[in-house]
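Dear colleague,

I am handing over the structure below, and I would be glad if you could look at it alongside these notes on its charged side chains.

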Amino acid sequence: MSDSVWFPGDVKMQVKIFRVEGTIQSPSYQTHFVKDVRALKPEDAIEKIYMDLGSQHRVKRIHMKVNAIKEISVDETEDSVIKALSER
């Protein structure tokens, strides 16, 4: 299986790996996070972070701040699920 997605009009997009760093600052909880996610573009990676961390820590988006996002290679990620999906 390939890591590409087909859209109408034969536009092919590659799934990339992004490392997102930021902080969660709610009135009762404060922490720093670094998370690797697979997405087509940086905006999709940030949306995935909001969904995952918001449900996991029960915080709203206004309490999450993304400080940095960068594209990384498969070798740089420590997430075994992302490595397995990328090596297919």
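What follows is a short account of the salt bridges in this structure.

Please keep in mind that this is a predicted model. Three salt bridges were found in the structure, and I take them one after another.

In one of them, the side chains of Arg19 and Asp36 meet, with a distance of 2.8 Å from N to O. Since Arg19 belongs to strand 3 (residues 16-26) and Asp36 to strand 4 (residues 29-39), the pair ties together parts that lie 17 residues apart in sequence. Both Asp36 and Arg19 are buried.

Another salt bridge joins Glu47 and Arg61, whose closest N and O atoms are 2.7 Å apart. This pair links distant parts of the chain, for Glu47 sits in helix 1 (42-57), whereas Arg61 sits in the loop between helix 1 and strand 5 (64-72), 14 residues apart. Arg61 has a relative accessibility of 42% and therefore counts as partly exposed, and Glu47, at 33%, counts as partly exposed.

The remaining salt bridge is formed by the side chains of Lys48 and Asp52, at 3.4 Å from N to O. Lys48 and Asp52 both lie in helix 1, where they are four residues apart, which is about one turn of the helix.

With kind regards

Key:
Residues numbered from 1 in each chain as written. Predicted model: local features only at pLDDT ≥ 70, side-chain atom pairs only at ≥ 80, totals over all residues. Heavy atoms only, no water. Salt bridge = Lys/Arg side-chain N within 4 Å of Asp/Glu carboxyl O. Helix = DSSP H or I, 4+ residues; strand = E, 2+ residues; numbered from the N terminus. Buried < 20%, exposed > 50% of the residue type's maximum accessible area, 1.4 Å probe, protein only.
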